[in-house]
Amino acid sequence: MEVRTFEGGAHIPHYKNYTEDKPIEKMSAPAEVIIPLLQHSGASCKPLVKEGDKVKIGQKIGDSDEFFSAPVHASISGTVKAVEPRTVPTGGKEDCVVIEADDGPQEFEMKQVRDPDSVSVEEYRKCVREGGVAGMGGAGLPTHVQTSPRQPVDTLLLNGAECEPFLTCDHRLMVEKAEELVKGAELMMKSIGASKVLMGIEVNKPDAIEAVSEKIKNRKDMEVIPLEVKYPQGFKSHLIKAATGRDVPRGARSADLGCIVRNVGTTVAAYEATVHDKPLIERIVTVSGPKVPKPGNYIIKIGTPLEHIIEQCGIRDLEGTKVVMGGPMTGLAQSELNVPLVKSTTGVVVLPPEMVREEMTYMNCVRCGKCVEHCPMLLYPNEISICAEAGMHEEALEWDIMDCIECGICAYICPSARPIVHLVQRAKPEVEKLQKR
Amino acid sequence: MTKLTYTPPPHLKAEDSVSKAMLDVIIALLPVTIFAILYYRGSALLTIVVCLIAAALTEVAFRKAFNKKPSLNDFSALLTGLLVALCLPPAVDWWIAALATFIGVGIGKELVGGLGLNRFNPALLGRVSVFLIPSLFYSLRPLFQDAGIYAGGVDAVTQGTPLAMSHQGADMSILQLLAWNDGGALVEVSPLMVIIGGAYLLYRGHISWRIPATMIATVFVLSILFMENPVNQILLGGVMLGAFFMATDWVTSPITDKGKIIFGIVIGVLVIVFRFLTPAVEGVAFAILIMNAFVPLIEKMTKRPSFSEPKATAATAGKGTAAAR
């Protein structure tokens, strides 16, 4: 088996053993959901409901006229308790629709409303837009934005790399929903006008590779690309480089590369939105951590408060732990437990005190070169971090700070424990101002 | 309410730390250190102990003066002390050893901002300073003679070393070269032990092969051109210690792969220049210190293009396909 990859990167312990064999399971519905009107990059939705309104599961509760926006839907049936700003996983506040459950139906009824083999491209695009489908791999753009590219692309690249430690939600989806994935890929391929589908999967998921390969064995237009287990293999640019060999110059658009990358979960969600008219109201989330009593891959409703998830997984004591939404390399640590799950939340990882990287005093860069050796963008994180720290933005730009994808390898590996990613994030807006001048 | 830790990503941290790495370098120096103590006994032990104590005291004092927390637990001061000791001859006066260490740790490192901010290798800076100071004392001797100050320590660095003997044409077997040499610095007692330490550093991933390999190879090849015995030239003097422990110092060597190769080659060339084209017997320390100054320039020159850097050939090829469509 030919295994492909990219230059640089690091082998980080992947801690996937806690959940990789756990079948997808439904988590009970919470008593209350908090649904942010903005869950991705783009424009915020306007609420379509107000306090006191009765809503039914799947009902559209927020929408926008902007192109870069995806509608949001009620993930439970109940009464709108409030439309107000609430804390979201990014740490900021967003307008949210808060719904209190009633005794109406709390599960979406799945019935086929369209035939996947005969549905038209226009209909598919409309369903993806109306279903509020947005990127589910972490970054998250409204999906319809890229289902109708103005320039033709030849390849649809499905991202099943799942390189973040602990996360196994895409892994389980590929194993258990290979059928829907392949059908969804076909719809997506037609919609973007591509002629082939490549599915990049890291080789630490042999059962996923097997399941998907089995479904596409008679197809000439689809191919599984086994990828080396290396972080950050699942980042878009590195997946493109590894799977197609194409370079990804800065500022390049998908059309320039002839390639559109989609997360496997998004592909299935778009399929369900089309065939079952099911909006994106729930998703598979990996809840994991070395001390989590009931780790697993759960189907959880969008808007479910973190508290409910923690409780359902049997976690009693959170003292000194770190609760991360997303993977531990790029995900965000949460300071409170009433934040909601959003469309792009891949996981909830609870790190026990002994694994928590304290707010530590870090040292000068000793120029050991480990960050340079492993940087997947082939940058010099050492120089960048020194410039960023000292506010030398022009020099930081010369060292290509804007190319940094903030994958976190440098900070992970730094023997001086320098918070390189944090320094970069802080400096980027300043450098951007400098660029515009 | 439970307190959650809220810090920016990434939330995982590798085990690597500066202290662990420094400790590893000290471990790598143990074979040659033990060998030197066994061979020279008390004089070597005294020099080493004096340097370690001087290093610790200097660092604590300087950091106190700068209102910084003591950082002895990162082992970098002790490492510098040990390296200084190994560069000195066993019969050196204890105060010269202490002075060399003081200059290395205090002026070479702490005064310029501490570990990471020093441009020159602290141990070599300390060693070279006491090499130069005696001649300074000599020129100033008329001033001191009346005061009765002893301008000593000269003997320490002018005694016959194996390298000097080799210059004079003395023959030595390879085994003798590898195992023990009388005279010269402590570390010259056994290049083999230094190589074992270097191999450990390579195995642990603390250094790259690029600097030692290119530096040693350059000395070897150029020695042949100068009609000298190349094996003698790489095993005698400070070549092995310089190649594995000094030129590879993280802080004072280039970070780029190509830069490391250039750095190693030029140091090798300079070593040969000092040995064969100047009256100096040894030049490893000077060669490395000179090249330390060029590190920022070398790095700028050898910067690799970013992953996102548009590639000229790829761009034109891309346009070609687009036009064909």
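Two residues are in contact here if their C-beta atoms, placed from the backbone, lie within 7 Å. By that rule, 33 residues of chain B are in contact with 50 residues of chain A. This is a predicted model, where local features need pLDDT of at least 70, side-chain atom pairs count only at pLDDT 80 or more, and totals for chains, interfaces and linings use all residues. Residues are numbered from 1 along each chain as its sequence is written, while chains are lettered from A and ligands numbered from 1 in the order in which they are written.

- For the complex, the predictor gives an ipTM of 0.89 and a pTM of 0.88.
- Chain B has an average pLDDT (the predictor's confidence in each residue, from 0 to 100) of 84, and 79% of its residues score at least 70.
- Among the elements of chain B, the lowest mean pLDDT, 39, belongs to helix α6 (residues 154-158) of chain B, and the highest, 97, to helix α10 (residues 210-225) of chain B. Helices (H or I, at least four residues) and strands (E, at least two) are DSSP runs, numbered from the N terminus.
- Watch residues 147-160 of chain B: their pLDDT is below 50, and the stretch has 22 contacts in the model beyond near neighbours in sequence.

**Where the chains touch**
- The side of chain B that touches chain A has 18 nonpolar, 9 polar and 6 charged residues. Ala, Val, Leu, Ile, Met, Phe, Trp, Tyr, Cys and Pro count as nonpolar, Asp, Glu, Lys and Arg as charged, and the others, Gly among them, as polar.

**A sheet in chain A**
- An open sheet of 3 strands runs in the order β3-β5-β6 (chain A), with antiparallel pairing; two strands pair if DSSP finds at least two bridges between them.
- At the edges sit β3 (46-47) and β6 (72-73) of chain A, each pairing on one side only.
- Strand β5 (residues 60-63) of chain A is joined to β6(A) by 2 bridges, and A:Lys60 stands opposite A:His73 in β6(A).

- Helix α1 (residues 121-130) of chain A packs with helix α7 (residues 264-275) of chain A at an angle of about 105°, their axes 8 Å apart. Axes are lines fitted to C-alpha atoms, for helices over the stretch in contact, and angles run from 0 to 180 degrees between N-to-C directions.
- α1(A) and α7(A) are therefore roughly perpendicular to each other (under 35 degrees is roughly parallel, over 145 roughly antiparallel, 65 to 115 roughly perpendicular and the rest oblique).
- A:Tyr124, A:Cys127 and A:Val128 of α1(A) make the contact with A:Ala270, A:Ala273 and A:Thr274 of α7(A).
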